[in-house]
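Please walk through the packing of helices and aromatic rings in the structure shown here.

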Amino acid sequence: MMKKTLSLGAAIGAVALGAMAYYGNNKIDVTEHSYSKEDFGENLDGLRMVHLSDLQMKSFGQGNKKLASRVKSLRPDLIFFTGDALDRRYESFDNAIALMEKLVDIAPVFFVDGNHERAFVIDDETKQSMLEIFHEELKKLGVRILSNSSEAVKVRNGKIRIMGLDEKEVMIPGKNRLKKREDVDLGSLEETIRSIKSQGDDCDLTVFLAHEPQFIKEYSTSDADFVFSGHAHGGQVRIPFIGGIFAPGQGFLPQMSEGVIVHGRSIMMVSRGLGNSSFPVRVFNCPEIILAVIE
Ligand SMILES: [Fe+2]
């Protein structure tokens, strides 16, 4: 009798854990950050920017329908995607492309690569760069890829400059592996950022997109008002009152795994991302969409 009760308890516990894990990995949180038009000018009053990151080839509903409809409900003027739409574990772009197809119908989409895009190097059959093929697909859809470049767009009654860093600047050349912060040539990174910054004239607002958040000190030399970043997956497992457990490039108890970090004049918003890295489960860390509003 005792044995039966124990095994029933274990079964209920396992089902409850499974349900919790499913919920925690599929419920999408929207985190809203609101900024005053007094600081950014009346021209951008009402501006709504949606930030997505780290899909890792996950699909929320068939063809990412649920995710796209959630984004649409937020009525964005602009959508930023800060890398790792793909995942090097899957040799397919399908879920990422299915999402982008829907996003471009909602608002202009700006994209920077993450380390997982950079890991798609050569297709054995065609001998073509898989990254190039992915970029071609994105461009066909009208997604604007920023790769150490910047673009100005008119939005509302103002003009915004969007700068984007190529992830290769913080990866090991030719190997497409992550570097630790101490192994990155920070002088050269700043030089690259200076050159991106010099590409455009003044706008009402400047935004900097970069996959990895741990270089905020360097990103802030762009004088961007807002930096959007991801990669850290919220630390994957989050412990209440402590925070994330581990993030690639930052190690254990990462300081920049989510939320807002201010450096100099730049306000960085770090997305907890949408999918999972090589660790398959998110705990107390639902997938996240960021909505930044000026009002
Ligand atoms: Fe990443």
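Rings of Phe, Tyr and Trp, the last taken by its six-membered ring, count as a pair if their centres lie within 6.5 Å. In this predicted model, Tyr35, Phe40, Phe80, Phe110, Phe226 and Phe228 form one aromatic cluster, and a search of the whole structure finds 13 aromatic pairs.

A pair of aromatic rings is described by the distance of the centres and the angle of the planes. For Phe93 and Phe120 the ring centres are 5.8 Å apart and the planes stand at 70°, so this pair is edge-to-face, given that planes over 60 degrees apart are assigned to that class. Phe93 belongs to the loop between β3 (78–81) and α4, whereas Phe120 belongs to the loop between α5 (115–118) and α6, so the pair ties together parts that are 27 residues apart in sequence. Phe93 is buried, with a relative accessible area of 10%, and Phe120 also counts as buried, at 6% relative accessibility.

The two helices named in describing these loops, α4 and α6, also meet each other. Two packed helices are described by the angle between their axes and the distance between the axes. The axes of α4 (residues 94–103) and α6 (residues 130–141) come within 10 Å and cross at roughly 20°; because angles under 35 degrees count as roughly parallel, α4 and α6 are roughly parallel to each other. Their crossing is right-handed. On the α4 side the contact involves Ala96, Ile97, Met100 and Glu101, which meet Phe134, Glu137, Leu138 and Leu141 of α6. By class, this contact of α4 with α6 has six nonpolar and two charged residues, and no polar ones.

Technical notes. Residues are numbered from 1 along each chain as its sequence is written. This is a predicted model: local features need pLDDT of at least 70, side-chain atom pairs count only at pLDDT 80 or more; totals for chains, interfaces and linings use all residues. Side-chain values use heavy atoms; hydrogens and water are left out. Axes are lines fitted to C-alpha atoms, for helices over the stretch in contact, and angles run from 0 to 180 degrees between N-to-C directions. Helices (H or I, at least four residues) and strands (E, at least two) are DSSP runs, numbered from the N terminus. Angles under 35 degrees count as roughly parallel, over 145 as roughly antiparallel, 65 to 115 as roughly perpendicular and the rest as oblique. A crossing is left-handed if the near helix is turned anticlockwise from the far one by less than a right angle, and right-handed if clockwise. Contact means heavy atoms within 4.5 Å. Ala, Val, Leu, Ile, Met, Phe, Trp, Tyr, Cys and Pro count as nonpolar, Asp, Glu, Lys and Arg as charged, and the others, Gly among them, as polar. Rings of Phe, Tyr and Trp (its six-membered ring) pair if their centres lie within 6.5 Å; planes under 30 degrees apart count as stacked, over 60 as edge-to-face and the rest as tilted. Buried means under 20% relative accessible area, exposed over 50%, partly exposed in between (1.4 Å probe, protein chains only).
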